[in-house]
Amino acid sequence: MPPRSTSSQNPVDHLTPDEARIEHQALGAEIKEHDRRYYEEDAPSVSDAEYDALRKRYEALEDQFPELKTPESLTQKVGSKVSEKFGKVRHRVPMLSLANAFADEEVEEFVERIRRFLQWKADAPLALTAEPKIDGLSLSLRYENGRLVSAATRGDGAVGEDVTNNARTVGDIPHRLKGSKVPDIFEVRGEVYLSHEDFAAINARQEAAGKALFANPRNAAAGSLRQLDPSITASRPLRFFAYAWGEVSAMPATTQSGMMECFKSFGLKVNPLTRRCTSVAEMLEHYHAIETDRANLGYDIDGVVYKVDDLSLQQRLGFVSRSPRWALAHKFPAQKAVTVLEDIEINVGRTGSLNPIARLKPVTVGGVVVSNATLHNEDYIKGIGGNGERIRSGVDVRIGDTVIINRAGDVIPKVLDVVLEKRPADAKPYEFPTTCPACGSHAVREVNPRTGKEDAVRRCTGGLICPAQARERLKHFVSRNAFDIEGMGEQRIDEFYEEGLVQRPQDIFTLQARNARSLKRLENREGWGETSAKNLFAAIEARRSIALNRFIFALGIPHTGETSARLLARHFGTFEHLRETAKAAADPASEAHAELTAIGGIGPVVAEAVVEFFKEGHNEEMLDALLGEVTVEPMEAPASGDSPVAGKTVVFTGSLEQMTREEAKAMAERLGAKVAGSVSKKTDIVVAGPGAGSKLDKAKEFDVQVMDEDGWFALVGRG
Ligand SMILES: NC(=O)c1ccc[n+]([C@@H]2O[C@H](COP(=O)([O-])OP(=O)(O)OC[C@H]3O[C@@H](n4cnc5c(N)ncnc54)[C@H](O)[C@@H]3O)[C@@H](O)[C@H]2O)c1
Ligand SMILES: [Zn+2]
């Protein structure tokens, strides 16, 4: 989802009060909707980072226009209203949120603010605890005389949902607290969460049962606790860490750290990474240590929480609207995470490229679990950039390394950097394979004849004998923007390929006929049935006729993406025309070659790839077979029927003065004309600027209409 426009709009101090009010209201409605999805349905539709950006803007509006900060404002509220499905529990002590910080400096400011507020002496130490911020959902447990009597979610902070029976099924939550020091009334608060391992198992079960998957462990934990049927909760191995309290009849300790010790002695789990710090430096050190160790914890955390240790000071500091003044959540950067690179695998792409993929210890980044990231190519792993320059100060990436990964929006996660201090002593430089892992052929880095430089990508030279390339080509062939065959997913292609049922594109269209004769019919197989086979064949039949641009794209010609495919389709109109020209263009001195390289938007690399593709005998065979099965629809000239040059072939020559060559081409094509690089019998118009040479002579020879730029504009107008 693209970031919302609001957050990138006018700076708030440029708004009029009216504009601010309208935006504040609209943003509020949007945030409320996200809150509902997140807190009530456990199924957010945007990442936390996107959500936080909306919140930030909302707060900025209130800072600039304080009249917007009414008691109804979302900045004064916590969480979301409770679901009607559950009984309600009124919290005797409200359950609040935490103030957030991202930068180290904000932590410094936080401690400074506290010191000022308390009028603390400059050189007197001030103790704060630092502990992981568990990414789960908070739960309040009420014990009376040591027995668990009720459990409630945070809800809107004042009223929560009664989940007592569900909480009783959580292993880490004792039904009885132990020891003689337990206060008569004791409300324990903490976080319910799921380990990565259990999260993966739950999602695997959901998938097997055909149910929706949870986006991340937090949503799964919340969805598991907030069940009407406690037996479902019981089947999910939820865990619990205690870190706070609500109503307490008699406090058993005087410090935050002392309370944690009490929790432990009462039989509750507390997080082992909690540390008491006496300086900002120590706090930040602990924060960074936890950040680097994040992937090894086995559960999600999204930051570190600092709390003033002395409870009497906490009391003096009190609260601001929805959070305590004595605590701060220092969040990890939203789009980056530190994790361990467990292995490097090589994927062979459809053009034979050996693509290195990092297998990672799973880590949640921006609300999504990431376990793979790209390492780009051989040089990137070595610490060499695209222009031969050093990247990451020349540090290479090794298996076993602790790495920093980045995932922004929909972009494929990348390995950005290495934490060298964490490198295991026995880690060895990675040896990039020089043979294809799929077919064993040599894998080489070609030297670009024009630049003399080695290609960054190593490619398998196996071509059609390489099963990995063949499979990837098939996957590309059936993909959404190509043939778009429903029911032919990646897994199915792999299966069909293994079995020899579909190994070349044309095989797809003979599948049904072969299946009818086969002894091992699809519809009789495990996991199949009459309907799924029928649906697949129907999906294939529906694609016996295909648009030219999709067809060209589906062929998977190297460097030829959707845009190039469309340009080629528009220029040639029919597949036969493209094929003839491309074959003739094998001779670099030919007219066809000139035509191909002159198509606006088609560069020399694509043109070369197209020529190579049609030169290849195997491709010829494939095309002949395929064209026996499918019909390629010709592409109509663009909708500019009444343009005087629609369908005509135009050549621009000489130095144009009123437009660049590119503009001229684009304009002619927009009007439905084809632009060629050389004059031939087929040429309709030559637009000649000063200095036009041999082309002008040729035009005369072929009796082609010649005009200057003014003539051109007189003909087509200036539009
Ligand atoms: N993606 C969405 O649509 C969406 C919607 C709403 C909220 N959110 C996300 O939820 C978060 C805001 O929610 P919030 O108000 O719960 O605030 P918060 O998560 O920033 O902080 C408060 C919470 O931290 C938890 N916590 C974990 N460990 C703790 C510890 N050791 N000590 C104290 N508290 C601890 C407690 O449950 C507490 O309620 C943001 O990260 C936001 O991005 C996302
Ligand atoms: Zn290969």
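**Strands, hairpins and cores**

Colleague: Which strands form a hairpin with G352 in the turn?
Modeller: β14 and β15 do, with 5 residues between them. G352 has a positive phi of about 90 degrees. Strands here are DSSP runs of E, at least two residues long; helices are runs of H or I, at least four long; both are numbered from the N terminus.

Colleague: Is this a prediction or an experiment?
Modeller: It is a predicted model: local features need pLDDT of at least 70, side-chain atom pairs count only at pLDDT 80 or more, and totals for chains, interfaces and linings use all residues. Residues are numbered from 1 along each chain as its sequence is written, while chains are lettered from A and ligands numbered from 1 in the order written.

Colleague: Back to β14 and β15. How many bridges, and in which sense do they pair?
Modeller: 7 bridges, antiparallel. To pair, two strands need at least two bridges found by DSSP. V348 has L354 in β15 (354-365) as its bridge partner.

Colleague: What else does β14 join, and over how many bridges?
Modeller: β14 (336-348) is also joined to β17 (402-406). That takes 5 bridges, and the two strands run antiparallel. A337 is bridged to I405 in β17.

Colleague: New topic. Which residue in the turn between β4 and β5 has a positive phi?
Modeller: N145, at about 50 degrees. That hairpin has 2 residues between its strands. β4 and β5 (147-153) run antiparallel over 6 bridges. R147 in β5 is the bridge partner of E144.

Colleague: And which strand does β4 join by 8 bridges?
Modeller: β7 (185-193), again running antiparallel to β4. L137 stands opposite V192 there.

Colleague: How many of the 8 residues of β4 are buried?
Modeller: 7 of them, so β4 (137-144) is largely enclosed by the rest of the structure. Buried means 20 or more other C-beta atoms within 10 Å of the residue's own, exposed means 12 or fewer, and partly exposed is in between; C-beta atoms are placed from the backbone.

Colleague: What share of the chain is buried?
Modeller: 34% of its 719 residues. The secondary structure comes to 25 helices and 26 strands.

Colleague: What about the largest nonpolar core? Which residues touch the most other members?
Modeller: C436, C466, I552, V610, V650, A668 and V686, out of 66 residues. A nonpolar core joins buried Ala, Val, Leu, Ile, Met, Phe, Trp, Tyr and Cys through C-beta atoms within 7 Å.

Colleague: Take V650. What is its bridge partner in β24?
Modeller: V675. β23 (649-653) pairs with β24 in the parallel sense, over 3 bridges.

Colleague: Which sheet are they in, and in what order do its strands come?
Modeller: An open sheet of 4 strands, ordered β24-β23-β25-β26, with parallel pairing. β24 (674-676) and β26 (705-707) are at the edges. Each has a single partner strand, so one side of each is left without a neighbour in the sheet.

Colleague: Last one. I552 sits in the largest core. Which residues is I552 in contact with, leaving aside neighbours within four places in sequence?
Modeller: A565, L568 and A569. Contact means C-beta atoms, placed from the backbone, within 7 Å. Across the chain, of contacts with a separation of 6 or more, 67% link residues 24 or more positions apart.

Notes. Contact = placed C-beta atoms within 7 Å.
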